[in-house]
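Biologist: I'd like to learn how to read a disulfide in a model. Could you walk me through one, please?

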Amino acid sequence: QVQLVESGGGSVQDGGSLRLSCAASGRTFSSYGMGWFRQAPGKAPGKEREFVAAIRRNAGITYYADSVKGRFTISRDNAKNTVYLQMNSLRPEDTAVYYCAATVTAVAPTENAYRYWGQGTQVTVSS
């Protein structure tokens, strides 16, 4: 089992940058594929969270949603049990609660591929 805690959210202006971190408990972090998802304000309860990015266990292969490709970068430091999401050129439509998630199977762009979730961190981008 792994516990995830996100940090680094906040408020920035259009075009700004933030780096989110997700710290994982446990000694087997390197065995988990990791993903970032987000949920925009006003989303109906039960609506699926939007895939943002994912990184495989070996950190060599990453995946991105088209909406963030070229602006966001996912990375991980297995020695620190942490996964990061560097977000540049932020836009108002990036405003959301961002969640990190862990899977013992293959990473995928869907919520149901991930067993463990953090509580989320708010990102607000103003125009």
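Modeller: Happy to! Keep in mind that this is a predicted model. A disulfide is a pair of cysteine sulfur atoms within 2.5 Å. Here C22 and C100 are joined in this way, with 1.9 Å from S to S.

Biologist: Which parts of the chain does the pair link?

Modeller: Distant ones: C22 sits in strand β3 (residues 18–24) and C100 in strand β9 (residues 96–103), with the two cysteines 78 residues apart.

Biologist: How many disulfides does a search of the whole structure find?

Modeller: The search finds one.

Biologist: What does the torsion about the S-S bond of C22 and C100 tell us about handedness?

Modeller: That torsion is about 40 degrees, so the disulfide is right-handed.

Biologist: Is C22 buried or exposed? And C100, buried or exposed?

Modeller: Residues under 20% relative accessible area are called buried. C22 has 0% relative accessibility, so it counts as buried. C100 also counts as buried because its relative accessibility is 0%. Across the protein chain, buried residues make up 44% of the 127 residues.

Biologist: Now the fold: how many helices and strands are there in the protein chain?

Modeller: The protein chain has 11 strands and zero helices. Its radius of gyration is 14 Å, close to the 14 Å from the globule rule for 127 residues, so the chain is as compact as a globular protein of that length.

Biologist: And contacts along the sequence?

Modeller: Take contacts between residues at least 6 apart in sequence: 60% of them join residues at least 24 apart.

Conventions: Residues numbered from 1 in each chain as written. Predicted model: local features only at pLDDT ≥ 70, side-chain atom pairs only at ≥ 80, totals over all residues. Heavy atoms only, no water. Helix = DSSP H or I, 4+ residues; strand = E, 2+ residues; numbered from the N terminus. Rg over C-alpha atoms; globule rule 2.2 N^0.38 Å. Buried < 20%, exposed > 50% of the residue type's maximum accessible area, 1.4 Å probe, protein only. Contact = heavy atoms within 4.5 Å.
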